[in-house]
Amino acid sequence: MASSSPEGDSSSATKITPLATFEPDLYQRAWQSIPHPSLPLLATPHGTSVTIFSLATLSKHSALVNGHTRSVRSVAWQPGLGAGQLRVVSGSFDSTAAVWNFRGDRRQGDTELEREVKVEADGEGEGEGEEEEDEWELTVVLEGHENEVKSVAFSPSGQFLATCSRDKSVWVWEDVSGEQGGDEDDGGEWDTVAVLSEHDGDVKAVAWCPDVPGRERRKGVFGVDVLASASYDNTVRIWREDGDGEWVCVAVLEGHEATAWGVQWETRPREDGKFPRLLTYSADGSVRVWELKVDEEEEVEARQPWSGIPNTMRRSLREDWVCTAVLPKVHGRDVYSVAWSAESGILASTGSDGVIALYAEDGDQHSAQDEDVEMVSPPAAEPAKPESDQQPTTTATDTNGTTQKGGWRVLTTIENAHGPYEINHITWCKRFDAGTDRKGIEEMLVTTGDDGLVKAWAVTLD
Amino acid sequence: MSAILSVDDLNDFISPGVACIKPIETLPVPVPSDVPPPNALDEHEVILDGGPSSSSPSSQPAAQISLTDCLACSGCVTSAEAVLVSLQSHNEVLSVLDAAPSLHLVKTTNGYTVDGLQDKNAKLFVASISPQTRASLAATCGGGITERQAGRMIEHLFVGPNGLRTGGQYANGFTWMVDTNTAREACLVLGADEVLGGAGGGGDSKPATPVLTSSCPGWVCYAEKTHPYVLPHLSRVKSPQALMGTLLKTTLSKTLGISPDRIWHLAIMPCFDKKLEASREELTDSVWGGDGKPGRGVRDVDCVITSKEILMLAASRGINIFDMSTTPLSQPLFPDPSLQDFLFPPSERRQSRAAGTSGGNLHYVLHDVRSRHPGSQIQTVRGRNADVVEYAVTTASGETVFKAARYYGFRNIQNLVRKLKPAKASRMPGSKPFGSARRPAAAGKPAGLEYAYVEVMACPGGCTNGGGQIKVDDQVIVDRKGFTTKPGPQEQKEWLAEVDEAYFSADEPDLASADQPMDTDDATAGVIDGISASKVRDILAHWSRITGISLQKLVYTSYREVISDVGKGQATDTERVVQLAGKIGGGW
């Protein structure tokens, strides 16, 4: 396994080197590490709690404890809150999601929060450990799932929260406190806006399309937010709001031969303003790249929304998602996590085999010129099956020049990144530690493993 | 119509649990017999239901579960489709019809009696049909067939000489087919009395405010199993199906002098969960004929089949339902003249669009309120989606005297039950109590709901979209519409609109613009929304008189919190595995 590694090939200038291990060791399986969208904070669920690390000190900042009775598998930072407000939602196997508000050092005022973090960054760390139990307050419990909540995710604006569960459903919640001027002391007010039950198996992960220009591509047809969910039924589904308050499944992405563990949206804006692509990864060991097909006719329609076209003439509530590439196979076992850099466009994958792999897209600046690296051409285009097999698109993609450059190559791999342990999560993350002179700009990788360790890795591109 | 809808036939009613946990109690831990690939070992998927992941389409013995078991178990929200369909199905209808020659109605000098009692299996067959079922069939027929015409086709199938009577061992058919809309009128009057305090008084125990509709069995079942704190709010009035069942069983057994178990009552409904309702111990002769307590007596409704199952029933007798006549069929007189007039009214009440397609409980209450406040207006505000609507009755002086709402669909029900839920003590020691998805009551905002009444239905779009209706992706519709691909959400929306259209279809379409709100209230005459409350009360009193049973026992019902004993006591192997998995952090 992982024998295709070009490691040792001195021609490849891309390197992954260990940077640091976050302190302390959690001594429990840890499931993921989610960076705050702007602040130097990282949230890592493990056991029944969540540890918040400072990205400045690479050590513990605070903790969310006593909120769940079973393991916490997923966390999400709510974006779009007022200055100085910090709110985290945790999803747990106890079938609930919990909303937490940060209480630590409130009286210092809004702007102090960041400073506080930065002070710690300078290594002072005074007062550490005091009040630890009170720093985060559990303010709201979101109940409704019948059993284990597997993943939670916020839409880019923070308006919507998606949760998914072993009960095969995806729930969409809306934070409706904003309209009434939400009090920063509380956990918001949450309405259930959708219960989506189309998956035939546990839903493992949910992810919202990031707010990049390409996202507006089809907004005349739907609301702007796009949700993807990955399931034990081997499929990934795309969900959108139909403009009438109804969330509908607009596409079913079929192709994986085992559980789809997760999805990752393309976070870097595409140069041609196209809709972000989607990565899906699976227990079948593969990572697939999917692209939304938008035809010209619809483009025109989308630019003049509600232009008097009768309802029945409007585009049906479907999207055509096509698999344009399968990444070179590196992992011998389940791929648990893939991260897509918003800066470099480089992919990082990891999984059950403890391997970390980096990939670049052909034609992208980082794909270098190494001719000897394994090339992968796009597979025979596999149409995403949108409920029915309407408009089979078995050949269409070939004529569309863009899909031809859908080749990806492995830049480098490292094995046993967490020793013999499985790696559950990988993410790109901005550096704020003393070791970088480009704080908040330079990227690093963070992996989270069954060994209870959260590790930071420096990535050197050519 | 809604996000909760999907290609599956059943998922638009309150979704069944991940699995029924009943069978699992007796099963050993499913050990994968085949050697799994190495990576499968890393997926410590915690699975109770033998679902897709347990890799065991193994030789589990077929579990036998009765609907009454389902009602007694909180393992899942409702029960599994297979259970519902196997126990009350078109096959059961056929086998009961073929069990013995049916009882025959005989007119005597001082009334009616029946013939054929010597055969212990002989029954008198009576059917009741919902308007949503007629609408489903009308839309399926297409070609401008109205709901009433579709109803006549169904009557010909069940009662007429060219329907079920053309086949079967004894050429049996149904003696009567009645319309649940007639029982509905009584339910509306009783329901409004319960909310507003009227001549009926609302029974012995009044529900808490806001009063919540209880005619949707999916919603009632969900509340009993998952949110028992809402039970005090549920309307005590029986559903139209249940009220019709009690009416038929009590009056027919009394007037014909036969035991209620000699009357076999079939209800035809838009909804699978109505089968569950029919199995409730609260709706048997134990309540009105026995000790007055719920029990496993003779059911008021013996069997429920859905709109879709009518097609299966006709097909299995080799009858093309679409060949049935649309001409009126004359049915035998009901053995009580007053009830004859009530059950077979000379003219049918028009279905008002504003009433919706779920019986119009809220609509009637609003009109009752308006009739009590001359000059008042009903105001309507759409909520976050089409299935949430708020209503207010405002007097001429601008004072709001009544607030109510409609909450349809599972996701909207979540928001309703959350608002009714009492706050819990915090799990964090010393912390203040927290709300469930709402700010703590301490925040100084008005807590709870200000509504006096909420019409709650499990299905998005209401009862015309019931789980048992003929669906856009059913073969019959795919064929009739000529779809070349599987219909998607848009086609589904359009199909539901057609069914709704059929629901409101009048016999003569040009009679009056159906979009015009009909003002059929006449406060002085006691007529509200076309229903004379005094006539309804008279017939209810008559019913009580001829049967000698108190109205309390006839028209009201009760609800109970369902506490599962599953998982209590000694732990099963499966549960131990789950606990173990939880301790070590579980699998993914």
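Predicted model: local features only at pLDDT ≥ 70, side-chain atom pairs only at ≥ 80, totals over all residues.
**Entry 1**

I started with chain A and counted its secondary structure: 4 helices and 30 strands. For chain B I got 19 helices and 14 strands.

Chain A has 462 residues, and 65% of them are buried. Chain B has 588 residues, and there the buried share is 57%.

I also looked up the contacts between residues with a separation of 6 or more. In chain A, 65% of those contacts join residues 24 or more positions apart.

Then I noted the surfaces. Chain A has an accessible surface of about 16,600 Å², and 46% of that belongs to carbon and sulfur atoms. For chain B the figure I wrote down is about 23,400 Å², with 53% supplied by carbon and sulfur atoms.

**Entry 1: a strand pair in chain A**

I picked strand S18 of chain A, residues 260-265, and checked its cover. I found 6 of its 6 residues buried.

Which strand does S18(A) pair with, and in which sense? I found S19 of chain A, residues 278-282, running antiparallel to S18(A) over 5 bridges. To have one spot to look at, I marked A:Gly262, which stands opposite A:Tyr281 in S19(A).

One runs from A:Glu23 to A:Pro24, with omega near -5 degrees. I placed A:Pro24 in the loop between strands S1 (15-21) and S2 (34-35) of chain A. The other joins B:Thr209 and B:Pro210, where omega is about -5 degrees. I traced B:Pro210 to the loop between H6 and strand S5 (211-212) of chain B.

I looked at phi as well. A:Asn66 is not a glycine, yet its phi is positive, near 65 degrees. I found A:Asn66 in the loop between strands S5 (59-64) and S6 (72-77) of chain A. Is A:Asn66 buried or partly exposed? Its relative accessibility is 42%, so I put it down as partly exposed.

A:Lys168 went on the list too, with a positive phi of about 75 degrees in a residue that is not a glycine. I located A:Lys168 in the loop between strands S11 (160-165) and S12 (170-175) of chain A.

**Entry 2: the cavities**

How many cavities of 30 Å³ or more turn up in a search of the whole structure? I wrote down 9. The largest cavity holds about 240 Å³ of space.

I listed who lines that largest cavity and got 24 residues, with B:Arg184, B:Ser215, B:Pro270, B:Lys274 and B:Cys463 the closest to its centre. The elements giving two or more residues to the lining are H4 (131-141), H6 (180-196), H7, H8 (240-256) and H9 (273-278), helices of chain B. Which of them gives the most to the lining? I found that H6(B) does, with 3 residues.

I sorted the lining by class as well, which gave 12 nonpolar, 9 polar and 3 charged residues.

**Entry 3: helix H7 of chain B**

H7(B) was on my list for the cavity lining, and I went back for its cover. Among the buried ones I noted B:Pro217, B:Gly218, B:Trp219 and B:Tyr222.

**Entry 4: around B:Met457**

I finished with B:Met457, which I found in strand S12 of chain B, residues 453-457. Why do I call B:Met457 buried? Because its relative accessible area is 2%, and the cut-off for buried is under 20%.

I then checked what B:Met457 touches beyond its neighbours within four places in sequence. The contacts include B:Thr213, B:Ser215, B:Cys216, B:Tyr407, B:Tyr408 and B:Cys463. Two of these names, B:Ser215 and B:Cys463, I had already written down for the largest cavity, among the lining residues closest to its centre.

I also looked up B:Gly218, one of the buried residues of H7(B). The C-alpha atoms of B:Met457 and B:Gly218 are separated by 7.8 Å, although these residues are 239 apart along the chain.

Terms used
Residues numbered from 1 in each chain as written. Chains lettered and ligands numbered in written order. Heavy atoms only, no water. Buried < 20%, exposed > 50% of the residue type's maximum accessible area, 1.4 Å probe, protein only. Contact = heavy atoms within 4.5 Å. Areas by Shrake-Rupley, 256 points an atom, 1.4 Å probe, with all protein chains shown as cover. Pairing = 2+ DSSP bridges. 1 Å grid on protein atoms, 1.4 Å probe; cavity = no way out; pocket = protein on both sides within 12 Å on 5 of 7 lines; lining within 4 Å. Points joined across faces, edges and corners; volume = space filled by probe spheres on them. Nonpolar A, V, L, I, M, F, W, Y, C, P; charged D, E, K, R; others polar.
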